[in-house]
Amino acid sequence: MNTANKRIAKNTLYMYVRLFTTMVIGLYTSRLVLEILGVSDFGLFAVVGGILAMFTFISNSLGSATSRFFNTEMGKPDGNLNQSFNINLLLHVCLAFIILVLAEVIGLWYIHNKLNIETGKLDDAVFVYHISILTACLGIINGPYQSLFVSHERFGFLAVLDIVNSIVRLFAILLLSQYQGVYALRIYAAIMSLTTVNTFVVFHYVANRDWSEIIRLRIVKGWKLYQDVLVFSNWNLLATMSYMARSSGSDLILNSFFGTTMNGAFAISRNVNQVISSFTGNFDNASAPQIIQSYAADDKERYTFLVNKLGRINILLFEFFAFPLLIELDFLLHLWLGKVPQGALVFTYLNILVAGMSLTAGGIFNLINASGKIKWFKIETSFFFLLCLPVGYVLFLKGFPAYTMLVLFLVADVIQRAVQLFLMKYILQFDSWCYVREAYLRPAIIALIMAGVLYVYHQLEIEAIVVKLLAIAGCGVLTLVLIFFVGLKSSERSQVIKKIRSV
């Protein structure tokens, strides 16, 4: 168990090195792209090019489901990875084909008939849409290959590949900044698609080199084998599609009522949400293979320990990154973007809170996936995701402001988490009250203290830039001290001190 814990720590370190590097590059490129495209085209890409993000998310979700089956086979004494790989690959190819056909019919109709865009931008929107769909389908087909790397815990390799892709994107966008033509939006869409093609080629090459027997293509007979994967993947896909419907649907509703400028502000706030979620969710991702394999081996003590601990660590990491942002968010947005689009500040505040709420599920989803009993979990998740759209539409008709949609996201996620813990207790016989105590109690104390600090600070109305920077740094230090003395248990503090001394 000690060796396994060290492996989780090492894999988490790889992922944080990757994320820190890609985050710094991503924040800089976001500012460059906003300057190159302008707020309106940036918002247009968020709506139309967001199709790529949507199907990338679907691909990642399917990859998570595929990793579950791979890890389950690895946890069995007589597991058959080649059979599982071929089953999942065929299903991914079929899904990519179905999505391609539906997107080229329904999606194009919407762009031509319903999308609220500036005059003369229709051809750009169609080009971006086509390239996004093709790239997304390629990413879906690549899913089983990526799952092999995750299941074998090759996080160091994945980190290097992502960093290289981010650097390639950066240099391509720097070249784009020198371009003065009218096709900047189209070129940017092509740049964003190139790294998916690169990943596809690299994954196939390395997988063929290291796991040639596992990826050997063959026809697997037996409908029951496909049915097991389909049932699990379909329920998993339902929740994923519902999440993306909420994300893309909210873009379309905002576009309908407020135009592409508000879409640009919303996209900026979503970037902050994604950075925080990625930064704090890496420990969860690095632990997923061991949770699933422990469940497959019926090691309840091990997977319960991991799930409870992950829940707390995820929230503590969120607090470490969120509070220094929240104390001077307006200042930091201006520092990052220069000119902040109208509405971006409120959107970002709320999106940070939405990110925090999503991270209160640390370890939970991995355990649910490991059990295979996902039906009711995915139904309740999908219901609360989709409910936000009609309610938001009605409220906008009544004149509510644009940020109302994010308030709905936050309320729905709180209710959804409570229902989820209830289902875990009665379907999986998981001790949900123990999880609440272990995961939420200590972070809640820190949140109350820091909320008081932020309230007092904002009453001071500081104007000096030096003081603002000191406040951000001081808030980070104070949050770290509270995490160490309040968030960690005494045994964990001793381990941290011991590790610091050894270094």
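**Entry 1. The chain as a whole**

I began with burial: 52% of the 503 residues of the chain count as buried. I note at the outset that this is a predicted model. I then looked up the secondary structure and found 17 helices and zero strands. The radius of gyration is 23 Å, close to the 23 Å that the globule rule gives for 503 residues, so the chain is as compact as a globular protein of that length. Along the principal axes, the C-alpha atoms fill a box of roughly 60 × 55 × 45 Å.

I next examined contacts with a separation of 6 or more; residues 24 or more positions apart account for 84% of them.

**Entry 2. A nonpolar patch**

Which residues form a nonpolar patch on the surface? I listed Phe97, Ile98, Val101, Leu102, Val105 and Ile106, which together have about 590 Å² of accessible area. I took isoleucine 98 from this list for a closer look. Isoleucine 98 sits in helix 2, which covers residues 81–113. Its relative accessible area is 46%, so isoleucine 98 is partly exposed.

**Entry 3. Salt bridges**

Side chains of opposite charge can pair when their charged atoms come close. I therefore turned to the charged side chains, taking a salt bridge as a Lys or Arg side-chain nitrogen within 4 Å of a carboxyl oxygen of Asp or Glu. The count comes to 10 salt bridges.

One of them joins arginine 186 and aspartate 124, at 2.7 Å from N to O. This pair links distant parts of the chain, with arginine 186 in helix 6 (residues 184–210) and aspartate 124 in helix 3, 62 residues apart. Helix 3 itself spans residues 122–141.

Arginine 246 belongs to helix 7 (residues 223–258) and aspartate 413 to helix 14 (residues 404–427), so the pair ties together parts that are 167 residues apart in sequence. Both arginine 246 and aspartate 413 are buried. Salt bridges that share partners also join Arg154, Arg209 and Asp210 into one network.

Arginine 216 and glutamate 213 meet in a further salt bridge, at 3.6 Å from N to O. Here I found arginine 216 partly exposed, at 41% relative accessibility, and glutamate 213 exposed, at 54%.

**Entry 4. A buried charge without a partner**

Glutamate 380 lies in helix 13, residues 375–397. I found glutamate 380 buried yet without a salt bridge. Why is there no salt bridge? The nearest side chain of opposite charge, arginine 417, is 6.2 Å away, whereas a salt bridge needs the atoms to be within 4 Å. Leaving aside neighbours within four places in sequence, glutamate 380 is in contact with Gln416, Val419, Gln420 and Leu423.

**Entry 5. A buried phenylalanine**

My last entry concerns phenylalanine 266, in helix 8 (residues 260–296). Its relative accessible area is 2%, so phenylalanine 266 is buried. Beyond neighbours within four places in sequence, phenylalanine 266 is in contact with Ser250, Asp251, Leu254, Phe347, Asn351 and Leu406. From C-alpha to C-alpha, phenylalanine 266 and proline 341 are 9.3 Å apart in space, and they are 75 residues apart in sequence.

Methods. Residues are numbered from 1 along each chain as its sequence is written. This is a predicted model: local features need pLDDT of at least 70, side-chain atom pairs count only at pLDDT 80 or more; totals for chains, interfaces and linings use all residues. Side-chain values use heavy atoms; hydrogens and water are left out. Patches are made of residues with over 30% relative accessible area and no salt bridge: like charges are joined within 9 Å, nonpolar side chains (Val, Leu, Ile, Met, Phe, Trp, Tyr) within 5 Å. Accessible areas come from the Shrake-Rupley method with a 1.4 Å probe; for residues, only the protein chains shown count as cover. Helices (H or I, at least four residues) and strands (E, at least two) are DSSP runs, numbered from the N terminus. Buried means under 20% relative accessible area, exposed over 50%, partly exposed in between (1.4 Å probe, protein chains only). Lys and Arg count as positive and Asp and Glu as negative; His and the chain ends are not counted. Contact means heavy atoms within 4.5 Å. The radius of gyration is taken over C-alpha atoms; the globule rule is 2.2 Å times the number of residues to the power 0.38.
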